[in-house]
There are 2 protein chains.
Amino acid sequence: MDIPVTSGDPAGFSVSTDQKTMSTELKPGAVVYGLGETVRGINKRGWLYRSFNSDDPHHEEGKHSLYASQNFIMIDDGDSCCGYFIDHPGTIEWDIGYTDPDMLTITFIDMDAYVYVITGDEPYAIIKSLRELTGPSYIPPKWAFGYGQSRWGYKTADDIREVLKGYDELEIPIDTIYMDIDYMKDFKVFTTDPERFPDLKGFVSEMKEQGIHVAPNTDPGVKIQPGYDVYEEGVEGGYFCKKEDGSLFAAAVWPGMVHFPDFLNSEARKWFGDKYRYMTDAGVDGFWNDMNEPALFYTNEHLSEVYAGIDELRQGEMDIWGFFKFKELMDSIDNNPEDYRRFYHDLDGVKVRHDKVHNLYSFNMTRAASEGFKRNDPDKEYMLFSRASFIGAHRYGGVWTGDNMSWWSHLLLNIKQMPSLNMTGFLFSGADTGGFGADTTEDLMMRWVEFSMFTPLFRNHSALGTREQELYRFKRTDDFKHLIELRYALIPYIYTEFVKAADDGGMFIKPLAFEYRSDARCREIEDQLLIGDSIMIAPVYEQNSNGRYIYLPERMKMLRFRGAEDYDEEMLDAGDHYVKAALNEVLVFVRPGKSLPMARVARRVRDINFDNLKNISC
Amino acid sequence: MDIPVTSGDPAGFSVSTDQKTMSTELKPGAVVYGLGETVRGINKRGWLYRSFNSDDPHHEEGKHSLYASQNFIMIDDGDSCCGYFIDHPGTIEWDIGYTDPDMLTITFIDMDAYVYVITGDEPYAIIKSLRELTGPSYIPPKWAFGYGQSRWGYKTADDIREVLKGYDELEIPIDTIYMDIDYMKDFKVFTTDPERFPDLKGFVSEMKEQGIHVAPNTDPGVKIQPGYDVYEEGVEGGYFCKKEDGSLFAAAVWPGMVHFPDFLNSEARKWFGDKYRYMTDAGVDGFWNDMNEPALFYTNEHLSEVYAGIDELRQGEMDIWGFFKFKELMDSIDNNPEDYRRFYHDLDGVKVRHDKVHNLYSFNMTRAASEGFKRNDPDKEYMLFSRASFIGAHRYGGVWTGDNMSWWSHLLLNIKQMPSLNMTGFLFSGADTGGFGADTTEDLMMRWVEFSMFTPLFRNHSALGTREQELYRFKRTDDFKHLIELRYALIPYIYTEFVKAADDGGMFIKPLAFEYRSDARCREIEDQLLIGDSIMIAPVYEQNSNGRYIYLPERMKMLRFRGAEDYDEEMLDAGDHYVKAALNEVLVFVRPGKSLPMARVARRVRDINFDNLKNISC
């Protein structure tokens, strides 16, 4: 690509090298899009965001960082729009009308960044140019568009067989069962517990015979344990991150003390990528990379500081400020900023302190896996997605939106995150449906299924200790069955539109404002989305609601689905409507001149007939 | 009142004394109202609530308890409704369609409760009967309906003068400035720091001359400090809560180690109520009782257990389960359930362990203050509200909804809490406008002001360390000024309707469904409220929104206010509408045949002319 290179101020911005800022005025009504996976709305105006990948399960409005750093924004004042892609691996702060409602200020710690100014007539053109710069989106295998069940807590092969039985007995479609950290021996990456999973290969093929893909979790940290092959190889090959003095950096994660593979080093990347053969040789074809911000539970260095602090406070009676100091010490233990300054990467000869390039870690872990897969079996397709991410990693795999909660507000957050993720190329994405932390309710799960059925990645996942949420455990299992069947009937549409978006540098899930440029109302609509080229959705995300308002930018055909073959339809004029949607009903709107193809119901993606489709047209 | 008394199962419920439960089936579509100040919606269906007053600033959907226990629910299936008031001071769990979406199960720890079954033709009749049972609502002085500014962090009299100057210079109306814990000497209740507030009486009267009421915070815990009069008197009088062995119970709160007045004892209550004279004699006439769940930062007993646990974990290298154990120990320090079992009350001769009657503590603190005021100056009116509360305490004072966050979702929560609080008689109530914890934004503050201007208690309050949010600090101070002026113009209406509701056993803030019984749509509307008899409001609570949907159950006149004298009006037909509301615009709907009286703008409540009102009629 021929990109004119200039130095000095990027178009529209004024730069202060003293303050390490670049800033611009925001016109009244200008919308700021972008930043991928963050808190708050599709329009990012009115908050301070920080690019610093963080393992923080509290995805609240007051947070500045989640797991991802996708350094792209687009300012759209209605008349014209302009995109800004900032290629920088360290911390960036985005003050988007937070300090001053009319100013956007971007602050760096190290002002060593490429700023790509992306012009275009309209948003899609800018998105397409961004994709040309950052590369095409990853396309997963077709089966990965099936429904998946996951839970932290499936400890044995039998647990997984039980889950499959639960779904199969009720004939609820399913394609994937995920294995969280429990399957490993002492949480050691690239191992299985020999007692609980005595024959991985046999188990994977037993599942495959039933049309089920088993998708294990992979964490980066390698347990420090002499005799453990991955550890031994890593030490021998010099593949782990080091401290300033050259000794190996250690921190605690699930397995206890671990070393971290230096994914920024090409040799280490190759080594780790090849290690996935432990799984792929056993027939595994689906993976999720987790804990790769990287999450640090603690380091011994910082823990000693904490202990010393506690000991000091324990001398004499604690006063109230001592108590707060004590609490503060405790809160400082995991993901401590200082700990991210304790280790270094070897960028093929260049030594870089981790915090300077923090956001690249997960990018290169996903890259390691993807390149490993390609190297070892170029023709095979794998499902691969990650918790942490960085702009560009969409070439290698997808993302899920991390450890959300079973909250209605997180269903709404999920709705708002999806188009932003799509802007930066992360098309294969989705949330932990039903919520990971906290206890779900049947109605929340049903409404979330009704949204997630439109996200490419559709996984039900929950945390140990929370209420069990496999769909067969609820009361209204028939409704769930019909909803999952609807997803399967829609897979030909979803898959085709997804691949089209990936091939064209486009988006699969889009805000209305990108499509209906001249309709000012669309600029504020954040709870209706376009899915592919033919349809708009309007999910219900409020407890005890049996309907909602929708705005139609043009006349459309409304489909009120209760299942793939149970729906009513109605033509609705452009404008505002209040529409009923009972707990088991999904609202889909077919755009004029378009049609929605639907397959016959199947219980596995492989059994879906992509050729014999029924079309619902408007 | 003549209440028929029966034993056995309360109407519609089946009781299990083994399980200590009472349960009933919920019809499809039945709405469950009540519980006062909790998380989630006006319709409580779909969650598990727990009556156990808790100092927990994380008011998230996943929580079961907030600061209050208001043990009243009303089940309304559209055809008929029935209320249930459970008179019980201990922990109660309300599983309202959580475990089974169609069942309501109430679980006791001690099944020693009076259940009042309140029948009536419609909701207001039930509310009125409940009020007859529990007593009339507290009515504050007129000035308490003015706007108030508060912040944890005003350390000196000069700080408060500075705040007043900020408001007065911009001519933004204000009546009250609150003093948080900072004003005390070492956080000792009924003291002022002699250096920072050298002349309380002089300062209060200096403020009063400018029309400003100073409202200090009162915490229950009395610092253990020989020589400190309140401590000495408490020990001497035997007014403090004791441990099982008769020694005084101690826990740490703001002042460090304190004893807790035994508000359940009439002597102690009288003593503490009289102590307020330290303030009232200096001319103070506004109070807020805080930390009265009671909050316990820690006890030495439990802290030793925590230390012992830490020491055990420190022997040898910590593994990951040790780490979690460590975190769990830390999280157990404040408000530890075991600590609530370590102390006892003397109910005028009957010794009761605290946890059995936990929810009565704040009730009796507010009662102590209220009875003290009456005893010492029967004719004087005081403003009084509390953080923790229990059904019945509405006779003595109001409540604020505790330590919320500067989140849009908490503005919405505030909207949903208000009618529920009104059901149980807590008419004088409101939230920390702009949010207490976390950092606010100018737009959130403006939208929150636009809602709080309709709540009887209208206070801007924020926490130490968060972004400063006095209205004069923002950019669009003119908009704020006009909005606060609008509040002042509405005070005659608000005050009159409030007093009417208090006198009639009615509600000041009401859900639409209570008024429009036959309109099924109203049963799901939780973001529009009736304020008094004449108007409906429809607050905007989404960032970057410049409009919203509204449903009109009947033809109404819409007023779009930008200030008391700057508004447009439009007649709108019954039905659904999308209505514009720019950031500085407030939507008010006048009901047919009703009118909204408005006063001329004033900068203090005392200067409002209640007689010369302009009426906007529909």
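**Reading the backbone**

Guide: Let us start with a place in the chain: Pro294(A) sits in the loop that runs between β17 (286-289) and α7 (300-314) of chain A. Please keep in mind throughout that this is a predicted model.

Visitor: Which kind of peptide bond joins Glu293(A) and Pro294(A)?

Guide: The general idea comes first: most peptide bonds are trans. In this case the bond between Glu293(A) and Pro294(A) is cis, with an omega of about -5°.

Visitor: And what joins Glu293(B) and Pro294(B)?

Guide: A cis peptide bond is found there, and its omega is about -5°; as for its setting, Pro294(B) lies in the loop between β17 (286-289) and α7 (300-314) of chain B.

Visitor: Why does Glu171(B) count as partly exposed?

Guide: Partly exposed covers the range between buried, under 20% relative accessible area, and exposed, over 50%; Glu171(B) is placed there because its relative accessibility is 41%.

Visitor: Where does Asn544(B) lie, and what is its phi?

Guide: Asn544(B) is in the loop of chain B between β28 (535-537) and β29 (547-552), and its phi, near 65°, is positive in a residue other than glycine. With a relative accessible area of 23%, Asn544(B) is partly exposed.

Note on methods
Residues numbered from 1 in each chain as written. Chains lettered and ligands numbered in written order. Predicted model: local features only at pLDDT ≥ 70, side-chain atom pairs only at ≥ 80, totals over all residues. Heavy atoms only, no water. Helix = DSSP H or I, 4+ residues; strand = E, 2+ residues; numbered from the N terminus. Buried < 20%, exposed > 50% of the residue type's maximum accessible area, 1.4 Å probe, protein only.
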